[in-house]
Amino acid sequence: MPPDPPPWERFADAIIQREALVCRVGLGLVPRDFAGAFVDHADVDRILSQLPGLDNPDPEGTKAYLETLEPQVAAIWTALHDSIGGDGRFALISRHASLKPGDAETLALLCAVEMAPNRQRLVAYIQDSVQLPRLTLATLARIVPDSVASLSAVSPDGALARTGLAEVI
């Protein structure tokens with residue numbers, strides 16, 4: 001039996017899987033072959049409904065799912081933060097780079113996605129485009145518990161960019 005994944009991978013999996021559940025069950029987004037390769041009328045309607053200032057999808061549709069998952073995600077989030085004081089590779093990198101908790105959360109997500117094609121497929125699904133297997137800034141802002149910290153971590157002056165751990169392209 002393979003060993004349990006480290007807390008930073010469990011954190012990334014919980015966040016990505018939670019968002020996939022919200023997309024599938026809460027918003028009714030059906031996986032599509034070649035998602036994002038073409039845009040039909042239904043896509044335009046869905047995209048327009050999600051723009052700020054318009055009639056966005058009912059947040060109540062996803063609220064129950066998020067509330068159900070919250071205790072599990074909170075426990076995994078706590079385990080990630082507790083593990084940063086440990087002696088694992090991720091903890092050492094986080095401490096040597098002087099990462100704040102939000103920086104470490106963002107790094108965990110970026111690294112986990114980069115390491116596993118299955119996570120990349122889930123990311124492509126939640127971003128509704130086969131052309132986007134890596135997290136975009138918009139997705140980070142949507143799925144990371146502290147979206148301000150995640151975006152500032154990858155900004156040009158942010159900890160991840162400054163230390164060379166991440167680059168926005």
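Mentor: First, a term: buried means under 20% relative accessible area, exposed over 50%, partly exposed in between (1.4 Å probe, protein chains only). This is a predicted model: local features need pLDDT of at least 70, side-chain atom pairs count only at pLDDT 80 or more, and totals for chains, interfaces and linings use all residues. Residues are numbered from 1 along each chain as its sequence is written, and side-chain values use heavy atoms, leaving out hydrogens and water.

Trainee: OK, which residues of helix H8 are buried?

Mentor: Ala149, Ser150, Ala153 and Val154, in a helix covering residues 147–154. Helices (H or I, at least four residues) and strands (E, at least two) are DSSP runs, numbered from the N terminus.

Trainee: Where do those buried residues sit, seen down the axis of H8?

Mentor: They fall within an arc of 125°, so they line one face of H8. The arc uses directions from the helix axis to the C-beta atoms.

Trainee: And what covers them?

Mentor: Helices H5 (101–115), H7 (137–143) and H9 (159–162) are among the cover.

Trainee: New topic. How many residues has the largest nonpolar core?

Mentor: It has 30. Such a core is a set of buried Ala, Val, Leu, Ile, Met, Phe, Trp, Tyr and Cys residues joined through side-chain atoms within 4.5 Å. Phe11, Phe90, Leu109, Leu135 and Leu160 have the most contacts inside it.

Trainee: Which helices supply at least two residues of this core?

Mentor: H1 (7–26), H3 (60–83), H5, H7, H8 and H9 each do.

Trainee: What is Leu109 in contact with?

Mentor: Leaving aside neighbours within four places in sequence, its partners include Phe11, Ile15, Leu135 and Val144. Contact means heavy atoms within 4.5 Å.
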